[in-house]
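Please brief me on this protein chain.

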Amino acid sequence: MGAKIPHVQKYLNGYSAIWPSTPIVVVQSLPPDFRPFSRFASEYGPLKRLISNHGLDLTKESDGREVLMVTMSNGGCWSANAFLNTLGQSNVIYPRAIIHDSCPTVPRYRITLRAFLIAGKYRLFSRAIATVVITIYYYLSVAARTILQSDPIGDMSKALIHRIQPQRRTYIYSKEDALIEWRDVENHARAAQESGNNKVIKELFHGSAHVMHLRQDEKRYWQIVQDAWNAESQNAEVVADEPPSAEAEGKSTLDDSSLGDSTTTLATFADQSILSEKPVENEPGVSEETAAAKEFEARESSDEEVTSDAEDTGDLNPSVLGTKEYWENIYRRECANYAENQEDEGEIWFGEESEDKIIKYLTAPSSPYSADRDTAVLDLGTGNGHLLFTLHEAGFTRWRMTGIDYSEASIALATAILRTKRYPNIAFRVQDFLAPAPEAAVSEVYNLVLDKGTFDAISLSDGETDEGVKLSQSYARSVVRLMKKDAKLIVTSCNWTREELIRRLTVDGALKVHAFFKTPKQAFQFGGRKGYSTSQVVFTKV
């Protein structure tokens, strides 16, 4: 819902690499589209005519077998059903294959709220107003469905099975998706299988967020697409025993001999194409409404001592994500995307929610910071600079903010975006803060240091200092020298639990816990290790 063309383009490039001469049709869904099918099915007339102009009638099995359908999130499913209604209430279509990426799911308050807030990209005060409006809309819809005894989402789910009958149906999903309930996907797959007219494949990814499976393992994703078109296998369930590899760069290598007919038409019903959301599990006895309202909670360490008797199983296994080469490749590609379209600023690591929590902490009445006070801020491993841009747009225009990264391509991307935004209080530079002096000589110390995923990447490196100390073990010492006394360090991690972060970063006694952001305790795997979906801890320099 609300997907931008640059985000959809990443998928189109992949499909075009497989079927270079194939027409591709993209149908976008927006929040206003979530209304009864009968009111906007006529808007899909052009799509019907476009397919007809290619000499295809999807209600004929012989024609439909030349079509691959893809639905992305519930918005894509909704659009697909609206298209079905343009063909008549009882017609069935016969695509060769259909891929359900991150869908379908049953509407719930928490999921609905998060989906619409993300699609609208609301911030702070406007986000609060939007939350009220969406909440009213949701419960009015529930009341209307109860009174009218209607279930449009349930009807949509059934239509996907009974009115779309492919030779092969593939579900791509993960248990860490915050915008769908994975059990709904598996229930839908089971119902499709029991209908007796589908070959059903379940492709379970580990740790990837909503419609982010392509980003996590590009090679595996495109192989799934290729298999969906070519394979004639029986019902199967594919579950990765280990977290998928992140080694694939650029276009995947495919077997050209098995690409199929180049005259195939591909219809993609796209919802939200790029999201970094993490799952939220409600606490026992807490309603979904209350859980959604308590997205942020910072507790002073003096109010609750944070300790853990859990065994620390040691360092993470080295991974490609801990290498400079990996990040250079990532940001070279992001630079190329941005050069083609300046709306595509690249990935938001951990999603906007993690950034919103940082802003809420900084603007809370008890916060030691003020937007009006001169403050020096350092963003470690800045990437595309999105966190600093977000702070500026949230009102921190008087802060002097610097983003550093050891990746030259990262700084090139952030600098290019900065030229467009023209924020005078932000600067970027290439710097490896773990490197010894004089290369990383300290010329300035900071009131606030931010780390959103950098400690994670360092933890996956097998590098060592000149003294033979692992880089992850030298992290705290390297960061402290960049901080003023009483300065704060905010660390966001997906590799380490809150307790592990505290244990590892306070071991030298130079940092102590100031606060932590309340996060869900939904475990997932990343880098070969289980942990919380996201941990965010605030440290103070002693």
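The points below go from the whole chain to single residues.

This is a predicted model, in which local features need pLDDT of at least 70, side-chain atom pairs count only at pLDDT 80 or more, and totals for chains, interfaces and linings use all residues. Residues are numbered from 1 along each chain as its sequence is written, and side-chain values use heavy atoms, with hydrogens and water left out.

**Whole chain**

- The chain has 19 helices and 17 strands. Helices (H or I, at least four residues) and strands (E, at least two) are DSSP runs, numbered from the N terminus.
- Of the 542 residues in the chain, 56% are buried. Buried means under 20% relative accessible area, exposed means over 50%, and partly exposed is in between (1.4 Å probe, protein chains only).
- Take the contacts in the chain with a separation of 6 or more: 83% of them come from residues 24 or more positions apart. A contact means heavy atoms within 4.5 Å.
- The accessible surface of the chain is about 23200 Å², and carbon and sulfur atoms hold 50% of that. Accessible areas come from the Shrake-Rupley method with a 1.4 Å probe; for residues, only the protein chains shown count as cover.

**Aromatic pairs**

- Rings of Phe, Tyr and Trp (its six-membered ring) pair if their centres lie within 6.5 Å; planes under 30 degrees apart count as stacked, over 60 as edge-to-face and the rest as tilted.
- This rule gives 15 aromatic pairs. Y15 and W19 are stacked, because their ring centres are 6.5 Å apart and their planes meet at 15°.
- Both residues of that pair are buried: Y15 has a relative accessible area of 2%, and W19 has 4%.
- Y361 and F517 make a tilted pair, with 5.6 Å centre to centre and 45° between the planes.
- Y361 belongs to helix α14 (residues 351-363) and F517 to strand β14 (residues 511-517), so this pair ties together parts that are 156 residues apart in sequence.
- Y361 is buried at 4% relative accessible area, and F517 is buried at 1%.
- Ring pairs also link Y11, Y15, W19, Y221, W222 and W229 into a cluster.

**Charges over rings**

- A charge sits over a ring if NZ of Lys or CZ of Arg is within 6 Å of the ring centre and within 35 degrees of the ring normal.
- K175 places its charged end over the ring of W182, 4.3 Å from the ring centre.
- R220 lies over the face of F205, 3.9 Å from the ring centre.

- The expected span of a helix is 1.5 Å times one less than its number of residues.
- α14 has 13 residues and reaches 19 Å from its first C-alpha to its last, close to the expected 18 Å.
- In α14, 11 of the 13 residues are buried, so the helix is largely enclosed by the rest of the structure. Among them are E352, E353, E355, D356 and K357.
- The buried residues of α16 are A409, S410, I411, L413, A414, I417 and L418. They pack against α13 (324-340), α15 (386-393), β10 (400-405) and β11 (426-430).
- An α-helix has 3.6 residues a turn, so residues three or four places apart point the same way.

- D184 is found in helix α9 (residues 182-194). D184 counts as buried, at 11% relative accessibility.
- The side chain of D184 reaches the backbone nitrogen of V106 at 2.9 Å.

- Most residues other than glycine have a negative phi, and most peptide bonds are trans.
- C103 and P104 are joined by a cis peptide bond, with omega about -5°. P104 lies in the loop between β3 (97-101) and α6 (109-120).
- V211 is not a glycine, yet has a positive phi of about 50°. V211 sits in the loop between β5 (200-205) and α10 (213-216), and is buried at 0% relative accessible area.
- R422 is not a glycine either, and has a positive phi of about 60°. R422 lies in the loop between α16 and β11, and is exposed at 70% relative accessible area.

Methods
A polar contact is a pair of N or O atoms within 3.5 Å; within protein, one must be able to donate a hydrogen and the other to accept it, and residues adjacent in sequence count only if both atoms are side-chain atoms.
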